[in-house]
Amino acid sequence: MGRPKAELVLSEDERATLERWARRRKSAQALALRCRIVLACAEGLSNVEVAVRLGVSRPTVGKWRSRFVADRLDGLEDEPRPGAPRAIGDERVEEVIVATLEETPANATHWSRRSMADRAGLSPSTIGRIWNAFGVQPHRTETFKLSTDPQFLDKVRDVVGLYLDPPERAIVLCTDEKSQSQALNRSAPVLPMMPGMPERRSHDYVRHGTSSLFAALDVATGQVISSVHRRHRSIEFRKFLNKIDKQVPAELDIHLVCDNYATHKTGTIQRWLAAHPRFHVHFVPAYSSWLNIVERWFAELTTKLLQRGVHTSVQALEADIRTSIKHWNDNPKPFVWTKTTDEILDSLNRFCQRTSGAQH
């Protein structure tokens, strides 16, 4: 019953070729599967039986049976893909990429699609496709700052050593302040998101004051010890240290990773640390805030709360910050440090080598 299938009979040479292609390791898997389909059909099996045996669909079996009967071995090759043939050769593509990377337009600081199209004699859309293929983005720029700290190497080894091999009977806390967080209220009500339309808010706002968040991130657990103050002087930092001292079990040493902010080095703080010998301060190198993991947590807080938050008072802002921290601590997620000191130094060395005029 049903549509009659095309009769498939193999010659000895065809069978040998199909068997060789089906088991050869360098054959494309698609071609090997087609060969197995034809060999199974040559055994007299129906399309349904072949499909069940090889785990393919019945139309697939019918397609390659018919193609082989019509064109024999040549029928197992892929047919030409639809579309116009490629009109731009590798030489033109290389010319565009080299010009983009090594030249600058006479009347601008960087290339645009249109200006490069005028230079290369191609269309702007073609230039865009070439740039996308090679990941070239002339419109983008980023900034960087290399540390000038004379103790850069020692400080990196010290801090990274704490992350990768923390001392026993101790807790490692990454500490910093997020100062001058503003309580901002938009000048008009925020228009909520709707289907096909994003949330909209006025570009201008009213300031209602600022607050500063002191935070200490436990590297091992992701838990955050925090304190909110209106100012960020050494007095407030000392209060924050007292809070850490009370919350961390007395039997544990405390290793604080801090930046070089002046508040952390005043006489008041030095005297406090001298009176609390279980505290050990480790300073990251100058201009190396990326080495302090708490900065990654601050980025989470900024993105999820502060960046789009609307607050009519400092009290409202501080309440939202405390609520956000409570939710984080209910299900903390530590940020796992993986880079060794040698890997960091190798990365910096490679960066300096490809940066024109860099001193290293």
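Buried means under 20% relative accessible area, exposed means over 50%, and partly exposed lies in between (1.4 Å probe, protein chains only). This is a predicted model, in which local features need pLDDT of at least 70 and side-chain atom pairs count only at pLDDT 80 or more, while totals for chains, interfaces and linings use all residues. Residues are numbered from 1 along each chain as its sequence is written, and side-chain values use heavy atoms, with hydrogens and water left out.

**Stop 1**

Select lysine 155. Its relative accessibility is 16%, so lysine 155 counts as buried. The term requires a side-chain nitrogen of Lys or Arg within 4 Å of a carboxyl oxygen of Asp or Glu. The structure holds 15 such bridges.

**Stop 2: arginine 278 and aspartate 245**

Move to arginine 278. Its side chain meets that of aspartate 245 in a salt bridge, 2.8 Å from N to O. This pair links distant parts of the chain, 33 residues apart. Arginine 278 sits in the loop between helix H10 (267-275) and strand S5 (279-283), and aspartate 245 lies in helix H9 (residues 234-247). Helices (H or I, at least four residues) and strands (E, at least two) are DSSP runs, numbered from the N terminus. Arginine 278 is buried at 14% relative accessibility. Aspartate 245, at 23%, counts as partly exposed.

**Stop 3: helix H11**

Show residues 294-306, which make up helix H11. Pick arginine 296 and glutamate 300. Their side chains meet in a salt bridge (3.2 Å, N to O). They are four residues apart in the helix, so about one helical turn separates them. Arginine 296 is partly exposed, with a relative accessible area of 40%. Glutamate 300 is buried at 19% relative accessibility. Next, select Glu95, Glu103 and Arg119: salt bridges that share partners join these three into one network.

**Stop 4: aspartate 176**

Finish in strand S1 (residues 170-186), where aspartate 176 is found. Now display the contacts (heavy atoms within 4.5 Å). Leaving aside residues up to four places away in sequence, aspartate 176 touches Leu213, Phe214, Ala215, Asp259, His264, Asn292, Val294, Glu295 and Phe298.
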